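Student: I would like to learn how to read a protein model. Could you go through one with me?

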Amino acid sequence: MSSFDRAPDDEADVDREIRIEKMKRELEQLSGGSMISGGFGDVPPNLEEIFLARVCEFEKAQHDTNFNRLVHCGVQMTPPAELDDASLRAKLHEVLGALGKIHCFIENTDHLSDRELYTWLWSEGLREETPDLSQLGGAWHMSPIGASDDKDIAVFLKYYATEKERCRWKTEFPNEALPPHCSLPYNRDRNLPRPE
């Protein structure tokens, strides 16, 4: 081998760089030219390639609502107003179990009654279009306080924040009122489906 010949590892690195650049161009096209790209510091090229491949899969995945996915799985979605309390509790249990099977996991629900949670799922939580992560080996996590607006932050601080989180929030926002901590009125979250 002469000093001008490339070593096999060098050729593999060049091939990887070509694949990475192709994926970056593809992502640029998928985003309509609005992709913002950056670096992660000293990341090995093989990890960058794996990451970009996952991002491409995510961006190309079929989007639908979890509401529609449940219907396609055979779950009859009944409006909350049409269910008495016992029927609603059973329907909520069915919906939460079915969501776990399609890799969608609900968190931070213990401040809501069964009716409030089912109503949130029916009207908001299941209506957002998302990629089908179950086909990508991933999971979707959602929460009724996931919007991080003022109302959701107040609920988090009131029911879910640790004392350390509450102190940090008060330090960062000294002019904002800190709601008093309250015990959670329900105990559902510990029994909800979780990723394996």
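Tutor: Let us go from the overall fold to a few single residues. Keep in mind that this is a predicted model.

Student: Where do I begin? How many helices and strands does the protein have?

Tutor: Begin by counting the elements, then read their order. Here there are seven helices and four strands. Along the sequence, they come in the pattern α-α-β-α-α-β-α-β-β-α-α.

Student: And what is the radius of gyration of the protein?

Tutor: The idea is to compare that value with what a globule rule gives. For this protein the radius of gyration is 23 Å, while the rule gives 16 Å for 196 residues, so the protein is more spread out than a compact globule.

Student: How do I read burial and surface? What share of the residues counts as buried?

Tutor: A residue is called buried when its relative accessible area is under 20%. In this protein, 32% of the 196 residues count as buried. The accessible surface comes to about 12,900 Å², and 51% of that belongs to carbon and sulfur atoms.

Student: What about contacts along the chain?

Tutor: Look at how many positions separate the partners. Among contacts in the protein with a separation of 6 or more, 72% are between residues 24 or more positions apart.

Student: Now for single residues. Where is Cys 182, and which residues does it touch?

Tutor: First find the place in the chain, then the neighbours. Cys 182 is in the segment after α7 (163-172). Leaving aside residues up to four places away in sequence, Cys 182 touches Lys 158 and Tyr 159. Tyr 159 is 23 residues away along the chain, yet its C-alpha atom and that of Cys 182 are separated by 5.5 Å. With 25% relative accessibility, Cys 182 counts as partly exposed.

Student: What can I read from the backbone angle phi?

Tutor: His 103 is not a glycine, but has a positive phi of about 65°. His 103 sits in the loop between α4 (85-101) and β2 (104-106). Ser 148, also not a glycine, has a positive phi of about 60°, and is found in the loop between β4 (140-142) and α6 (150-160).

Student: Is Ser 148 buried or exposed?

Tutor: Ser 148 is exposed, at 52% relative accessible area, whereas His 103 counts as partly exposed at 33%.

Conventions: Residues are numbered from 1 along each chain as its sequence is written. This is a predicted model: local features need pLDDT of at least 70, side-chain atom pairs count only at pLDDT 80 or more; totals for chains, interfaces and linings use all residues. Side-chain values use heavy atoms; hydrogens and water are left out. Helices (H or I, at least four residues) and strands (E, at least two) are DSSP runs, numbered from the N terminus. The radius of gyration is taken over C-alpha atoms; the globule rule is 2.2 Å times the number of residues to the power 0.38. Buried means under 20% relative accessible area, exposed over 50%, partly exposed in between (1.4 Å probe, protein chains only). Contact means heavy atoms within 4.5 Å. Accessible areas come from the Shrake-Rupley method with a 1.4 Å probe; for residues, only the protein chains shown count as cover.
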